Structure formats: C-alpha cells, structure tokens
Amino acid sequence: MALTKAELAEMLFEKHGINKQDAKTLVEDFFEEIRSVLEAGDQVKLSGFGNFELRTKSQRPGRNPKTGEDIPIKARRVVTFKPGQKFKSRVENAKPED
Amino acid sequence: MTKSELIDRLTLKYQDLPPTVVEASVKDILEQMVQSLAHGKRIEIRGFGSFSLHYRAPRIGRNPKTGEKVELDAKYVPHFKAGKELRERVDNFS
C-alpha cells in the first residue's frame, strides 16, 4: 500500500492533536500551495527533500503509433523533481515493496 | 518558494493553529514522505503526483579529479511523476 494524503493527515492528528478536519485540509493545502506556485511559473525548493522545477519543451515531431500518421507534439511546460542529496542518500539502499 | 515560505503561507491560512505546530507539520509531512520511500513504500498523492524508486545498475565511475576508477554499487533513486491535475495546470500558459 502506498503512502496517501489520508495517512499523512492521520499522522498530524496523532502527533500534533490537530483535529481531523484541519489535518485533512492542511495536507490538501500543503500540496495545493506547491501546485499554485508551479502553476504561476515559479520553482519550489524544499531543503532536505528536493526541488520542483519547470521545463519548457518546444514543439517536436511526433507520430500516432497506431496509424503511423505524423502529428506534431505541441510546445508544453512540464514539472520535474530533483531530489536533494539527503533524500537520495536515504533511499539508495531501500528495498521496493511488491 | 522555499520551505519557510510554504510554512508562512500555511501559518496565515491556519490562524487557529499555533505557528509552531504548522511548522512542525510541514516538516513532518516531508519527513514521512522520505521515510516512506526509504522503506520501499511508494507515495501516491491524488491530483499532485506519485513518488517511486527507480533502479540504477552498478557501474564503474571515475573520480573526476584523479581519473581513478571507482566501483559504484547498484542503488535506488527517488522518481516523481506529476499527476493529471498538476500536469494540466502547469501546462496551461501561453
């Protein structure tokens, strides 16, 4: 089972006694603040964790793999995550579940 | 935006909670996420994205200063895949 927002909210309730409603919205808002900053075109740097950065990709030729038809892939902006050194060193010897 | 700016924004929004609790909450969320992957457990945040581990095969590296060969063990690295909502909102610009 993966870690989810529900489990993060449960941790805030248990560890800090934040009521369940606030714990749930605090976790939701934590991710919403990051989304809205990225949406506005700024990067997000969380020390000890990593940086969320934006990359602009220019248009490139693509193809419909089923029909073989040429379709250009439009210019777009994408999010990339660069894990910090501390995060990387803590997972390098992990054993993935399933 | 940095971690302390994220804490400031959430502190303003949650004025019924002590700022120290909001600060600790932000740090604890990040810590639980790191711990989860460190235990091999992936992270799935709907509307935001997922974090999983990607395998890196062992290889022979080189010390860039001395040119000396170094054996590097196999390892895992954190990988993030943006979710649908984040992908669409970030791409919505002209």
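This is a predicted model: local features need pLDDT of at least 70, side-chain atom pairs count only at pLDDT 80 or more; totals for chains, interfaces and linings use all residues.

Residues are numbered from 1 along each chain as its sequence is written, chains are lettered from A and ligands numbered from 1 in the order in which they are written, and side-chain values use heavy atoms, with hydrogens and water left out.

**Chain B as a whole**

Chain B holds three helices and five strands; helices (H or I, at least four residues) and strands (E, at least two) are DSSP runs, numbered from the N terminus. Followed along the sequence, the pattern of chain B is α-α-β-β-β-β-β-α. Chain B is more spread out than a compact globule, because its radius of gyration is 19 Å, well over the 12 Å that the globule rule gives for 94 residues. This radius is taken over C-alpha atoms, and the rule is 2.2 Å times the number of residues to the power 0.38. Along the principal axes, the C-alpha trace of chain B spans about 55 × 35 × 30 Å.

Next, colour chain B by accessibility. Of its 94 residues, 41% are buried, where buried means under 20% relative accessible area, exposed over 50%, and partly exposed in between (1.4 Å probe, protein chains only).

**The hairpin of chain B**

Select residues 59-62 and 69-72 of chain B. These are the antiparallel strands β3 and β4, joined by four bridges; two strands pair if DSSP finds at least two bridges between them. B:Arg62 stands opposite B:Lys69 of β4(B). Six residues lie between the strands of this hairpin, and B:Gly67 has a positive phi near 80°.

**The hairpin of chain A**

Now select residues 60-63 and 70-73 of chain A. Here β3 and β4 of chain A run antiparallel and are joined by four bridges. A:Arg60 has A:Ile73 in β4(A) as its bridge partner. This hairpin has six residues between its strands, and A:Gly68 in the turn shows a positive phi of about 80°.

**One residue in chain A**

Finally, select A:Arg76, which belongs to strand β5 (residues 76-83) of chain A. Is A:Arg76 buried or partly exposed? A:Arg76 is partly exposed, with a relative accessible area of 28%.
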